[in-house]
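Please read them with the coordinates open.

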Amino acid sequence: MADYLLSFMTFFPLLGMLVVLFIPRENGALLKSTALVVTLITFVLSLPLAFDDVFTVSGGMHYREFYEWINIGNYFQMNYNIGVDGISLWLVMLTTFIMPIAVLSTWNAVDKNIKGFMALLLLLETGMLGAFISLDLFLFYIFWELMLIPMYFLIGIWGGKNRIYAAVKFFIYTAVGSLLMLVAIIFVYYYAIQSGAPMNGFGIQEFYRLAIPSGAQYWLFLAFGFSFAIKVPMFPLHTWLPDAHTEAPTAGSVILAAVLLKMGTYGYVRFAMPLFPEALQTFIPMLATLSVIGIIYGSLVAMMQEDVKKLVAYSSVAHLGFVMLGIFAMNMQGMAGGMLQMINHGVSTGALFLIVGFIYERRHTRLISEFGGLAHKMPIFATVFLIITFSSIGLPGTNGFVGEFLALMGAFESGLRWYAVVATSGVIFAAVYMLWMYQRVMFGKITNPANENLSDLSAREIVIMLPLILFVFWIGVYPNTFFEKMNPAMEQLLNQMESRQVAVVEQVEQPVMAKYLDIK
Amino acid sequence: MENLVQIAMANVNLQAIMPSLVLSCFGMVLLLVSVFLERGRTAPVAWLSIIGLIITGLVSIGAWNQPQAGFAGSVVLDNFATFFNITCLIAAGLTILMSDSYLHREGYPVGEYYPLILFTTAGAMWMASGTDLMTIFLGLEVLSVSLYVLAGFFRGQIRSNEAGLKYFFLGAFSTGFMLYGVALLYGVSGTTKVAGIAQAIAALPDAATNPMVIAGATLLSVGFLFKIGAAPFHMWTPDVYQGAPTPITAFMSAGPKAAAFAAFMRVTYISLDSLQTDMSALFWLLAVLTMTIGNFVAISQRDIKRMLAYSSISHAGYALVGMVAWNEIGFSGILFYMLVYTFMNIGAFAVLVLLGKKGEDNLTLDGVAGFGFKRPFLGVALCIFLFSLMGLPPTAGFTGKFFIFAGAIKAGYIWLAVIGVLNSAVSLYYYLRVMVYMYFRDPVEDYSWVKLEMATVVSILIAIAGVLILGVIPGPVMELAKLSVF
């Protein structure tokens, strides 16, 4: 069982999707409970990973599975090559953890075409898990694109007024980026073959050892980096995000924020950075600048939003700026902060979208001006909302603090000192836009009569929020649970990038293809 | 006289033309059969044609790995030909499956329709196995003449008439160019044999600058480029594709196109091998032009058949990328892609066949509003085909494109691959738009006229199976494609 745990976990939702397809479309309750059970079982299946101590001692890949998949003689070879290490571990856990919550959140919100909705959610889960565990670039690309299709339909069919525009924009932005990455993937592959390096299909561990001349690295890093930067999203490629977030149904926004955006940051950590370390060095100042712009710009725009969901969407841009800045610091603190902040953002922004969903279901509006004084009518909701708001701001004691603090500290101690200084103002901005929004929505007198009869959170809604709140405090108070399993993998990654930079200097023989990229 | 016959017979090797021979015989017999059937009864002819195709397929497969040459080396049945034969047979089979209910709905239940498809397929198979420019030309003519008739098959419909006539006039014109090219190459080399021309050109000291060689090669290419619908010889495709009966459009975009690619590849890579640099440069330009024109013009189409016509132009462009690569991966990539394209494009047209009302005026974007919800099976099927046409995993469209672009990148044409994938990005827009209408718009009609005709559904299911299997486990077929290149 343990040998096939990862595969089983990844494809179990797909199996669930097939089951869902055979349930009659009229039976909404059964469809929802099936999806819930499937996602819960997937979560249970993933639990052994979280409790496995092997991640605390070794930073390598575990739970490996390897099968030859496509092998056409001297043309190319692709393998079903999967595994997890400390870096992907928590992202896998985040995915399996957030999915049952997302399904639960649809209980009353989705009433048309429940069958399609659930089937797409499950397909999406397989895509996301697959992307996190792929150790073969080709396999990764397939899962990466597979995520696109369900999300497109989730936004387009169940989204808000402007859903068509948002769905098409989301699709085209992401697909354009990934197509360029595809060219880069093929190029690296043939480069490796022609340079005679030992290869294992498109296996990234072999690619890590490849010495690619710096001229080619720049182009390849640009292709990979562009694709991931769209997904993160980094300024100025972020414009699809507010649209997609605002129009998507609650479950879609939650998954988009919690997991899909992490694909971009994860892509940097797993692929773009370790594959092209030399190019990375050149581009870090530019990328860090964009991250800081993202932080400041995202915060400022969030401040001015009249729609709560848009506000949360722009706050995502800012939060991911912290993640990227931490990662680009290229030291342990920064990396750890960035990685943890990925999880934090998943928990707290996911929770924020759920909260927006709660009030939208009650009032069918998300405009801040429509609300005010909700705390009187919904005390439990007010408490929950406040906790999540604090977590999003990064108040000490909550998860946001640990992540942002470490990311900024890492950046401060690396060559990005002044970037960190500027970025820190983003924390203050976050307090401004979040607290201001909270105040306008929750405090004061009830001015809008429509808010007089609002009901407090139902048992289902409390059940949805409790696990998220648990993690807000767990990560905030004792982040070591997470760090101890992350650290070995990150150390290994950083060491490997350093040694690669040294190795790249000793040039290997020029393969034929290199001449097309103007490489001296 | 007797001597002559003996000499001729000595070179005859019926084995080498067995597949097309069997198919032609079936076609001729079926012509007779349809005469004896009562008017309006075409189903038996359709089923017999399917049987004919299957038998031909078995005969073809029997020749795998046992190359046969015949008729003094003007025909060869090698793996390359067999691969294309199978592709054309699949195209014809899927087309026939979706045709019968369609012909009845449109009011033209005429039995000759099926033999004509068989003749077209036989012609396509001659083209794929021709090793003499004259054989290739003969195959091309058999294919074309049958297709002219099929395109204008609905003689009472103005659009169908226009399609037939336009195809005929432009087609005749392009074959003229081609013949002129053949004549010039004959003038240079003194032979029409593909291999002989290669030797003659290689022996020329100034092959790359010899005006006769250049003019001959160019004019010959024009004929093929016309058939595959590559820019700037694509002008006929939109009108013909839109006007022809939908199953014929589907067939035309897959079978004959594959055959034209087969002959084009054989002639180019064997006869014109010594002109590689120049031809590659020419193809580079044509590939970029074809992809770009096809994709950008498709964006503004509201008629789905016409949109698919422009999309088929762009797909010809992707296949041309494989020609530019001029390496084994590129070659076998084209073979693989033609098979993939057969499944995905014919599948998409099969859904349109069921969706159309009599006269098919409703096959526009507005005409599919909310279709996906009202007809879930057909909706999902069309989505799968469109995703495949976009080139998204896990469909065959992705593996096909991957194969071709991999060939180009390996040969160092990185910018061509970049232009290619950017073109795919453009194509996302118009394929997605069909889905936008199908799923994101509210239905205005109830689509009660859409009936799930058994045979058509079977062809859709086969196409889905093809698209998904070649997408998830492409290995075995890629291996076959690899074994098929010369």
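1. Tyr63(A) is found in strand S1 of chain A; strands (E, at least two residues) and helices (H or I, at least four) are DSSP runs, numbered from the N terminus. The phi of Tyr63(A) is near 55°, a positive value in a residue other than glycine. Most residues other than glycine have a negative phi, and most peptide bonds are trans. Tyr63(A) counts as buried because 21 C-beta neighbours lie inside 10 Å. The cut-offs are 20 or more other C-beta atoms within 10 Å for buried, 12 or fewer for exposed, and partly exposed in between, with C-beta atoms placed from the backbone.

2. Provenance and numbering. This is a predicted model, in which local features need pLDDT of at least 70, side-chain atom pairs count only at pLDDT 80 or more, and totals for chains, interfaces and linings use all residues. Residues are numbered from 1 along each chain as its sequence is written, while chains are lettered from A and ligands numbered from 1 in the order in which they are written.

3. Confidence. The model scores ipTM 0.88 and pTM 0.91. Chain B averages a pLDDT of 90, and 98% of its residues score at least 70. The scale, the predictor's confidence in each residue, runs from 0 to 100. Where pLDDT is low, the predicted coordinates should not be read in detail.

4. Trp326(B) lies in the loop between helix H13 (304–325) and helix H14 (328–355) of chain B. Trp326(B) is buried, with 20 other C-beta atoms within 10 Å.

5. Cis peptides. One joins Phe235(A) and Pro236(A), with omega about 0°. Pro236(A) sits in the loop between helix H10 (214–231) and helix H11 (240–247) of chain A. Another cis bond runs from Pro393(B) to Pro394(B), omega near 5°. Pro394(B) is in the loop between helix H16 (376–390) and helix H17 (396–410) of chain B.

6. Interface. 32 residues of chain A are in contact with 28 residues of chain B; contact requires C-beta atoms, placed from the backbone, within 7 Å. Which elements of chain A give two or more residues to this side? They are strand S1 (62–72), helix H6 (137–146), helix H7 (148–158) and helix H8 (163–194). H8(A) supplies the largest share, 14 residues. By class, the side of chain A that touches chain B has 26 nonpolar, four polar and two charged residues. Here Ala, Val, Leu, Ile, Met, Phe, Trp, Tyr, Cys and Pro count as nonpolar, Asp, Glu, Lys and Arg as charged, and the others, Gly among them, as polar.

7. Helix H8 of chain A. H8(A) has 32 residues and reaches 46 Å from first C-alpha to last, close to the 46 Å expected at 1.5 Å a residue. The expected span is 1.5 Å times one less than the number of residues. Of the 32 residues of H8(A), 26 are buried, so it is largely enclosed by the rest of the structure. Gly196(A), with a positive phi near 75°, follows H8(A).

Notes. Contact = placed C-beta atoms within 7 Å.
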